Amino acid sequence: MGSSKVIHALYTDDDVLLAAVKTVKNEKHHIEEIFTPFPVHGLDKAMGLEPTRIAIAAFMYGCVGLIVATVMMNYIMIEDWPQNIGGKPSFSYIENMPAFVPIMFELTVFFAAHLMVITFYLRSRMWPFKNAENPDPRTTDDHFLMEIPVHDNEKELKALLTKSGAVEVHIVDKQAH
Amino acid sequence: MYTFSKRLKIVSISLFVLGVIGWGTSYVATHGLTLDDVKVLLAEENSHHGAAASHGEETHHDVQTDAEAHAAMIQSTHESESHAEEAHGTEAHSDDAHAEHVLHQMHNRPYAALYVAAFFFFMISLGVLAFYGIQYAAQAGWSPVLFRVMEAITYYVLPGGLIVLGIALWAGDHIFIWMDPEVVAHDELIQGKAGWLNKTWFAIRGLIFITGWSLYRYFSRKFSLAQDLADVNDNSNFKKNFRISAAFLVFYIYTESIMSWDWIMSVDPHWFSTLFGWYVFASMFVSGITVIALITIYLKSKGLMEFVNDSHLHDLAKFMFAISVFWTYLWFSQFMLIWYANIPEEVTYFVTRIEDYNLPFFGMLILNFIFPFLVLMNSDYKRVPWFIVMAGIIILFGHYIDVFNMIMPATVGDRWFIGVPEISAVLLFLGLFLFIVFYALSKAPLLAKGNPFIKESEHFHY
C-alpha cells in the first residue's frame, strides 16, 4: 500500500478549532478528518459535511423489523401450530392482530435500534479487531486534531494553520489503511 | 400588542350566529318528531333494506365493506352482547318499543351534538392550561415566547367549562341515562353507583373542578403580567407562578381524571375503564398543543410574533407528533385488554363502536395516528408552517371524532350522522372560542418580556 503526506494541526480549544476550520475552508483546502475529545456543536456544518442519512436507514430497518415480526408470528402462531388466541379461534392473523401488535412494535424498535448502531459503527469504520486510527492519544483528553492532505503546499498550509491558532503542526507520512 | 381585528370579530360572530341558527333549526325539527313519524321512517327503512341489501345506510354499508378484518371479532363478541341485552330485559322487542327507542335517540341527537362540540373546545383550553403549568413547573427555557398565546387560549377554560357543565345538567337524561330516575329504578348497577352518580354531587364536583382550574388560571396570568412590570432583579412573581403551577398540576391530574369519568365515561354508566382519564388527557393535550401551534403560526404570519423562530415551531410539532403516538398507545392499551379478555359487560363498548361506528372508529385511528406519524416524522417537515397547519387541522378533526365516538354511541346509538346539528354546534363553539381567545390575546403584549427565561427563549436554537 502506498503512503501519503498529511499535515496534523493540534488545537486546545473548540472555539479556536471552529474558527480555524472556517479559515481553512475559505482557503479551499480539503479537511480529511478532525479528531476531538467530545462532540463539537456545529463542527459538521463548518466542515461542510452532508447531513446524516441514518434516519432514512432507521426507517427502513424499522420496516424490516415489522415485516419479520409479522411473518414470524404468522408462521408460528397461525400456520405451523394454529392457536386459539383469547378464546377466539379464528386462525387468522388479521383477526387476532391486537394480540400481535406489541410484538410488532417491539421488533420494529429492536431492528431499528440495533441495526442503526451497527450501521453507525461500520460507517465510522469501526469493526472488531480494528486498530485505532487515532493519530495522537491527546485527542482523547484535551486536544483537537485537524488532518489535511498535502499536495506540494506544505509551507503555505503550515503558515495558515499556525496563524489560525494551532499549538503544534506536523507533517506526517500516513500509511494507507 | 395585538389588536382584535374587525374582520376576525365579524368572522367569529357570524360563525357563532350561523351555528346557533343551524343547531336551533335541527333542535326544533327533531323536537317535533312524534312516534308516528318514526314508525313511518322505520317502515321505509325496512322496505329499503329488503329491496337492495347492499344499498344500506352509510353506517351499514361501512360495516359490510370495511370491517372484514374485524368480522370474526364482531361475531364472537356478538353472542355475548345479545346475552347482555337480554339480561337487561329488552327481549320484549315489540315494534312500538323499538320505535319509541329510536324516537328517544333522535331526540337526543341535538343535545349530544352540542355537548360533543362544547366539550371539544373546552378540552383544547384545558389541555393548554396543563401544558402551560408544565412549562412553569419545569422552568422550561424554550417556551416563554409562547406564554401569551397559551394564556389567551386558557381564558376559555372558565366560560367553556361552565357551558359544558351547563349543557350536561340541562340535557340531563338526554345524554346521561343515569339522570333518569325511571331508568335507575330498574337498574341495580346504577343504583349501586348512585352515591357518586347523582345530579347534585355531579354539579358540585363540576363546580369544584372549574373553580380550581380557573383560580390557577387567574393567578398565573396575574403573576405573569406582574412579572413584566417588575424590576429585572425581582423574580418573585415568577417564583410564585412556579409554586402554584406545581400545586395545580397535582390538582389537575386528579380532577381531570374524575372529570373524564363524570362528563364522558358516565354516559355508559355500566362500563368503566381505569385508564380513561389518561386517554382523555392525551386527547386534550395533543389538541391543545396543536391549537398553540396554529395560533402562533397565524400571528407570526401577521408579523406580530417575529421572536418565534423555526425551532419553537419544530418543538411544538415534535410535541404534536409525540402526543399523537402517546394517544394511540393509550387507545390501544384500553382496546387490547378489553378485546383480549372479552368480558361481556366490558366488550359491548367496543362492539357497539365497531358495528355502528365503524368508519369514525377506525377512521379516527388513521387521522390521529397514521397520518401525524407519517407526516410529522421527518425532521425538516416540522419546520414548514403549512405542513404543521395541515397536520394540525387533521389532528383536530381526528380528536373531534374521538369525542364524538365517546359520547354518541350511548346517546343516539346507530342514528348518528355528521350533519346539520353536529356541524352547526362545531361552528357555534368555534366562533365563541375564537372570539374569546383573540379578545384575550389583545389584552396584553404578545411577549412576556419580564419572564427570567425570555432571553434564553428568544435565542432558542435546536
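B:Q139 sits in the loop that links α5 and α6 of chain B, where helices (H or I, at least four residues) and strands (E, at least two) are DSSP runs numbered from the N terminus. Its phi is near 50 degrees, a positive value in a residue other than glycine. B:Q139 is exposed, with 12 other C-beta atoms within 10 Å; a residue is exposed at 12 or fewer such atoms, buried at 20 or more, and partly exposed in between, with C-beta atoms placed from the backbone.

A quick word on the ground rules: this is a predicted model, in which local features need pLDDT of at least 70 and side-chain atom pairs count only at pLDDT 80 or more, while totals for chains, interfaces and linings use all residues. Residues are numbered from 1 along each chain as its sequence is written, and chains are lettered from A and ligands numbered from 1 in the order in which they are written.

**Other positive phi values**

- Most residues other than glycine have a negative phi.
- A:K28 is another non-glycine residue with a positive phi, near 65 degrees.
- A:K28 lies in the loop between α1 (14-26) and β2 (33-35) of chain A, and A:K28 is exposed, with 6 other C-beta atoms within 10 Å.

- The axes of α6 (residues 147-154) and α12 (residues 276-301) of chain B come within 10 Å and cross at roughly 120 degrees; axes are lines fitted to C-alpha atoms over the stretch in contact, with angles from 0 to 180 degrees between N-to-C directions.
- The crossing of α6(B) past α12(B) is right-handed, meaning that the near helix is turned clockwise from the far one by less than a right angle.
- On the α6(B) side, B:V149, B:M150 and B:I153 meet B:V291, B:I292, B:I295 and B:T296 of α12(B); two residues are in contact if their C-beta atoms, placed from the backbone, lie within 7 Å.
- By class, this contact has six nonpolar, one polar and no charged residues, where Ala, Val, Leu, Ile, Met, Phe, Trp, Tyr, Cys and Pro count as nonpolar, Asp, Glu, Lys and Arg as charged, and the others, Gly among them, as polar.

**Chain B overall**

- Chain B has 18 helices and zero strands, and 42% of its 462 residues count as buried.
- Of the chain B contacts with a separation of 6 or more, 86% join residues 24 or more positions apart.
- The 32 residues of α13 (residues 310-341) should span 46 Å at 1.5 Å a residue, and the end C-alpha atoms are 47 Å apart, which agrees; the expected span is 1.5 Å times one less than the number of residues.

**Chain A overall**

- Chain A contains five helices and four strands, in the order β-α-β-α-α-α-β-α-β along the sequence.
- Its radius of gyration is 25 Å, well over the 16 Å that the globule rule gives for 177 residues, so chain A is more spread out than a compact globule; the radius is taken over C-alpha atoms, and the rule is 2.2 Å times the number of residues to the power 0.38.
- Along the principal axes, the C-alpha atoms of chain A fill a box of roughly 80 × 35 × 30 Å.
- Of the 177 residues of chain A, 15% count as buried.
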